[in-house]
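Reader: I'm new to reading protein models. Could you walk me through one, feature by feature?

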Amino acid sequence: MTHLRIFRRQSPVEVLGPGKRAVIWVQGCPFACPGCIVPESWDADSGETLPLHQLAAWILAQPHIEGITLSGGEPMMQAEALTQLIDNIRQQRDLGVMCYTGHRLETLQQRGTDPQRQLLQRVDLLVDGLYRQDQHDNRLWRGSRNQRLLLLTPRYRTAVAEQLAVGDTSAGLSFVSATNGEVYFTGVPAIAEFRQQFETQMQQRGIHIRV
């Protein structure tokens with residue numbers, strides 16, 4: 001694979017994993033969870049297609065980041081390309097990898113494709129499970145109670161333990177005001193239907209919201 005289809009990328013981000021991170025939201029998701037905060041990322045034919053070398057160069061150019069976070073969309077739909085991207089990056093820089101997936105870890109291990117298992121081998125911290133709106137909760141880097149925070153390597157053991165010692169609650173949201181007047185927000189909201197409520201309030205003020 002030489003390209004990756006993405007919805008968005010942003011760096012640095014401090015609300016989607018340990019430390020400062022470069023975040024890539026991949027394009028395409030088969031789950032379409034009700035209440036998903038980024039339904040724009042579902043359509044596998046939408047988004048932007050970028051060469052892996054361009055994405056790798058962008059990540060390597062980010063100063064002071066500890067790692068990358070793969071969100072979406074569903075990263076496991078583009079497992080082969082993401083595996084290659086991680087390998088390209090780690091040839092030059094030791095960056096940690098956090099990944100979100102709607103699959104359960106056990107399902108990927110037992111019935112996943114070879115590229116999906118290859119990607120898992122490169123992930124340090126995994127958030128697994130579908131987002132369930134009826135189980136929405138205020139949790140660290142997760143949106144609903146069924147989602148798990150899984151250490152696949154020791155890399156983030158201390159960082160996660162320190163965060164959970166403070167409290168298993170949302171890391172918060174970050175907001176960016178673009179020059180075109182749009183407002184972007186990043187993170188996992190502590191309350192259900194946050195996006196809809198926030199968009200309504202901002203639209204009343206003539207401000208367009210993007211995620």
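Predicted model: local features only at pLDDT ≥ 70, side-chain atom pairs only at ≥ 80, totals over all residues.

Reader: Which residues does serine 71 touch?

Author: Contact means heavy atoms within 4.5 Å. Leaving out residues up to four places away in sequence, serine 71 touches Ile24, Trp25, Val26 and Tyr100.

Reader: And where does serine 71 lie?

Author: In strand β4, residues 67-71. Helices (H or I, at least four residues) and strands (E, at least two) are DSSP runs, numbered from the N terminus. The chain has six helices and 12 strands.

Reader: How do I read the two faces of a strand, say β6?

Author: In a regular strand the side chains alternate between the two faces of the sheet. In β6, Leu125 and Val127 sit on one side, Leu126 and Asp128 on the other, and all of them are buried, so both faces are covered.

Reader: Which strands pair with β6?

Author: Two strands pair if DSSP finds at least two bridges between them. Strand β5 (residues 96-101) pairs with β6 in the parallel sense over four bridges, and threonine 101 has aspartate 128 in β6 as its bridge partner. β6 and β9 also pair over four bridges, in the antiparallel sense; there, leucine 125 has leucine 151 in β9 as its bridge partner.

Reader: What about charged side chains? How many salt bridges are there?

Author: Side chains of opposite charge can pair when their charged atoms come close. A salt bridge is a side-chain nitrogen of Lys or Arg within 4 Å of a carboxyl oxygen of Asp or Glu. A search of the whole structure finds nine. One of them joins glutamate 66 and arginine 155, at 2.8 Å from N to O. Glutamate 66 is in the loop between α1 (52-60) and β4, and arginine 155 is in the loop between β9 (148-151) and α5 (157-166), so this pair links parts of the chain 89 residues apart. Arg21, Glu66, Asp94 and Arg155 are linked in a network of salt bridges.

Reader: Where do the partners lie in the salt bridge between aspartate 124 and arginine 90?

Author: Their closest N and O atoms are 2.9 Å apart. Aspartate 124 lies in the loop between α4 (114-120) and β6 (125-128), and arginine 90 in helix α2 (residues 79-90), so the pair ties together parts 34 residues apart in sequence. Aspartate 124 counts as buried at 7% relative accessibility, whereas arginine 90, at 30%, counts as partly exposed.

Reader: How many residues of helix α5 are buried?

Author: One of its 10 residues is buried, so α5 lies largely in the open. Just after α5, glycine 167 takes a positive phi of about 155°.

Reader: And what share of the chain is buried?

Author: Buried residues make up 48% of the 211 residues.

Methods: Residues numbered from 1 in each chain as written. Heavy atoms only, no water. Buried < 20%, exposed > 50% of the residue type's maximum accessible area, 1.4 Å probe, protein only.
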